[in-house]
Amino acid sequence: MELQTISQVSKSFQISTRALRYYEQLGLIKSVKKEDYAYRTYDEESLAVIRQIVILRKLQIPLKQIGVILKDENISAALDVFTKKADELQSEIKALSTIKAILDSFIDKLKSSNVSVKSNLLSDKMLQELSETLTVTPVSYTHLRAN
């Protein structure tokens with residue numbers, strides 16, 4: 001079993017060394033320090049956990065919940081986290097579908113007439129009702145980041 005340095009692991013998993021240190025600080029992984037060796041190194045067990053963390057982060061699972069999954073050997077913890085995330089994504093999909101429908105309506109109205117954006121386009125009752133169902137919260141793009 002060959003130990004890998006933090007820079008080797010960082011390059012291998014395409015995550016920052018800062019993220020690896022943070023995972024260690026949270027107690028998600030453990031580094032191994034060899035005598036007379038200043039760098040953090042990781043064994044096979046830690047590499048397997050890092051692999052899981054990377055996959056779960058790509059699925060937009062927050063680190064706190066990843067910790068719950070990794071610490072609890074019972075399948076129910078992972079099932080609970082995954083179910084909640086799937087529900088959140090379903091809500092986000094619904095909100096994005098509504099936004100797309102509103103934008104499609106705007107596009108159709110603009111293409112079909114000489115409607116003024118200031119006066120007529122935004123006063124359409126149906127579009128106002130649709131837009132009132134939307135909440136003004138930022139869309140999460142954490143899945144685009146590796147850490």
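Here are a few questions and answers about this predicted model.

User: Which ground rules apply to the values here?
Analyst: Happy to set them out: residues are numbered from 1 along each chain as its sequence is written, and side-chain values use heavy atoms, with hydrogens and water left out. As the model is predicted, local features need pLDDT of at least 70, totals for chains, interfaces and linings use all residues, and side-chain atom pairs count only at pLDDT 80 or more.

User: Does Ser 10 count as buried or exposed?
Analyst: Ser 10 sits in helix H1 (residues 6–13); helices are DSSP runs of H or I, at least four residues, numbered from the N terminus. Buried means under 20% relative accessible area, exposed over 50%, and partly exposed in between, with a 1.4 Å probe and protein chains only. Because its relative accessibility is 12%, Ser 10 counts as buried.

User: How many salt bridges does a search of the whole structure find?
Analyst: A salt bridge puts a side-chain nitrogen of Lys or Arg within 4 Å of a carboxyl oxygen of Asp or Glu. One of them joins Asp 80 and Lys 84 (3.4 Å, N to O), and another joins Asp 104 and Lys 100 at 2.8 Å. The search of the whole structure gives 4.

User: Lys 85 and Glu 88 form a salt bridge; which of the two counts as buried?
Analyst: Their closest N and O atoms are 3.5 Å apart, and the two residues are 3 apart in helix H5, about one helical turn. Glu 88, at 44% relative accessibility, counts as partly exposed. At 12%, the buried residue is Lys 85.
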